[in-house]
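Subject: A structure for you to look at

Hi there,

Here is the structure I promised to pass on to you. Please open it beside this message, and then read on for what turned up in it.

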Amino acid sequence: MNQHKKGLFDSPKNVQRVLYFLYAGCFILFAVDFLVHRHISYYWENVWAFYPIYGFVSCVVLVIIASWMRPFLIRDESYYNDEGLDGEANEKALEKTEQGPAASKGDSHVDD
Amino acid sequence: MWMTEVPPFIFLFFGALLAAITRGKLRGGLMLAITMISALNLWGMTDGVYLQFAFLDYQLIPYRVDKLSLVFGYIFHLAAFIGIIYALHLRDTVQQVAAMLYAGSGLGAVFAGDLITLFVFWELLAFTSVFLIWARRTRRAYVAGIRYLIVQVLSGVILLVGCLFYVSEHNTIAFNYIGLEGVAGWLILIAFGIKCAFPFAHNWLTDAYPEATVTGTVFLSAFTTKVAVYALARGYPGTELLIYVGVAMACFPIFFAVIENDLRRVLAYSLLNQVGFMVVGIGIGTALAVNGAVAHAFNDVIFKGLLFMSMGAVLHMTGRINGSDLGGLYKTMPKTTVLCIIGAASISAFPLFSGFVSKSMVMSAALTEGYGWIWLMLLFASAGVFHHAGIKIPYFAFFAHDSGIKAADPPTNMLLAMTISATLCIAIGVYPQMLYALLPFEVDYYPYDMTHVLAQTQLLFFSALAFVWLNKKGLYPPELRSTHLDFDWFYRRFFPEVLKKSFTIIWQVDARLRLMVRRKLTAHLSYLGAKETQLSNLGSQGYPLGNMVMWVAVVLAIYLLLSIF
């Protein structure tokens, strides 16, 4: 497989095109809101451009809260690897016992 | 016994037996054939009890059919069929046998007409599926599998205790509406809730699913949680508590999904989010809402399966699944990219894709029943699911920065399985009546009215706009090689640490106590000893122990001599 193959989105122009398409779509949908009479079943829907605003705001809020949560929750990739059953320590112990009985007798053991 | 009276799980268990004794292409063919025969056998079954017998004082009903169980029966066959195709390249007897047994257990559970049979299949689901995790054959998978098994078996045990209470309260074991009256109702709800991955009981899923094999996760995503959704739909429709549990389930996982790096774990979180919608539907409990929940379960099996398959294909071909390692794969895996985007569009509920026609039923039901705030939260969850499953998954795997990984599209059988799922996603989205005809209640619902379509499209487009804006501003949390803590930290780290610490303290206190007691005893003994030396002049001092032993020997010798003569 040719790794250096030029992809469709390697040129910034094409990426920009996709974005323009998105902006245009947003604009049209926003404009349609004024033309179409929708039937309302919840009073918040009366708010001007309710769905576009709600969609945008809720995603921004989602990402901001998630980013705020992250420092509290983030740990190293091997966080759960070093203890208990998961444990590297256990694995090392296991390796030790597999090396034979001498290895499992502990460091201070002297054969007499 | 007529052919039609054979419950579907018998077919699949037989299929597992065949899979165990055959190899290669023959095995794949047989597994597909058995699943197809079982599906044909089930097709068009009418309501009724097809198999029952007396066990002790109770009627066991291993095969009861009604519209609710039938729709789950169909989707489970479909899921098994697609999963088997996806795994056709596999040469791993453990996985293939386990997959057949697991699918059979799922079918057994949804056609169980009594709680004892349900319990049996409930436990079988746990014991058969864990092999799909262990089959990864890594240490991480092994340990995750153990944790998974502990939680699943716990759920089964609680279900059994609940059944016993239920029998004493109602004097029947038939599995119908249960409700929250009495101890039994609560216990059984807890058991169902654990399997349904309710908040705080959800970590078995996000922990174990990403550790399973490429093909195993596809099976896992289809059955366990959907059996729980089915059980809730039968036992607890209209239980208001479920609305709040469901909405929490729909909302909180999306925050974790945004920051998670392992893309299959992102999908596991979005699985929770989708099940949340179903639980809300069951909680509302009207015909429209339960239909919506069931339809969404049906669609979720297909589109979530498709997403897990596409991420599985990425893992299979590149050996990586972390968002931080992937990117730019659209160049080398174009077909997988397109199929993944179809799955992403379906889960995001774009009009003309399957998610739209079922999610909107639950949302409409929430509105018509006057749960305005719930509806707002669900709308937030809808925007959120688009954000993490609709955009994040395809974006970080196939686009974003070019990771330079050499890859190719996966084997034909994997592509075929994904294509079938993708076709179904679009077919159901375009022609929802096909799905609606299978639903348990007669409901006249039409998803494609102007208001719905416009509202949903606006919501999604502006969510996408938010993603672009956040990315441009650099506010979007980057994919980092990391572990993110979740509630499982409490039982994987906190409680073990606390126990360890408290045991250290207990041992220290214990040692000190012993020492103190020993000192006291020694003091008393020496006091007594001192007294005794004064007394012992009269007795034992002149007759040491050796003397006594000699006399015993003499007595024994005499005894011996006497016994000889």
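Let's begin with chain A: of its 112 residues, 12% are buried. Please keep in mind that this is a predicted model. Chain A holds three helices and one strand, and from the N terminus on the order is α-α-β-α.

Next, have a look at where the two chains meet. Here 42 residues of chain A are in contact with 50 residues of chain B. On the chain A side, helix H1 (12-35), helix H2 (50-73) and strand E1 (74-75) each bring at least two residues to the contact. H2(A) gives the largest share, with 16 residues. Sorted by class, this side of chain A has 26 nonpolar, nine polar and seven charged residues.

Finally, the inside. In soluble globular proteins, nonpolar side chains tend to be buried together. The largest nonpolar core in this model has 202 residues, and B:Leu232, B:Val280, B:Leu307 and B:Leu378 have the most contacts inside it. Helix H12 (residues 287-318) of chain B gives the most to this core, 20 residues. To see one of these positions up close, pick B:Leu307: leaving out residues up to four places away in sequence, B:Leu307 touches B:Leu267, B:Cys340, B:Gly343, B:Ala344, B:Ile347, B:Ala389 and B:Ile393.

Enjoy exploring!

Conventions. Residues are numbered from 1 along each chain as its sequence is written. Chains are lettered from A and ligands numbered from 1 in the order in which they are written. This is a predicted model: local features need pLDDT of at least 70, side-chain atom pairs count only at pLDDT 80 or more; totals for chains, interfaces and linings use all residues. A nonpolar core is a set of buried Ala, Val, Leu, Ile, Met, Phe, Trp, Tyr and Cys residues joined through C-beta atoms within 7 Å. A residue is buried if 20 or more other C-beta atoms lie within 10 Å of its own, exposed if 12 or fewer, and partly exposed in between; C-beta atoms are placed from the backbone. Helices (H or I, at least four residues) and strands (E, at least two) are DSSP runs, numbered from the N terminus. Two residues are in contact if their C-beta atoms, placed from the backbone, lie within 7 Å. Ala, Val, Leu, Ile, Met, Phe, Trp, Tyr, Cys and Pro count as nonpolar, Asp, Glu, Lys and Arg as charged, and the others, Gly among them, as polar.
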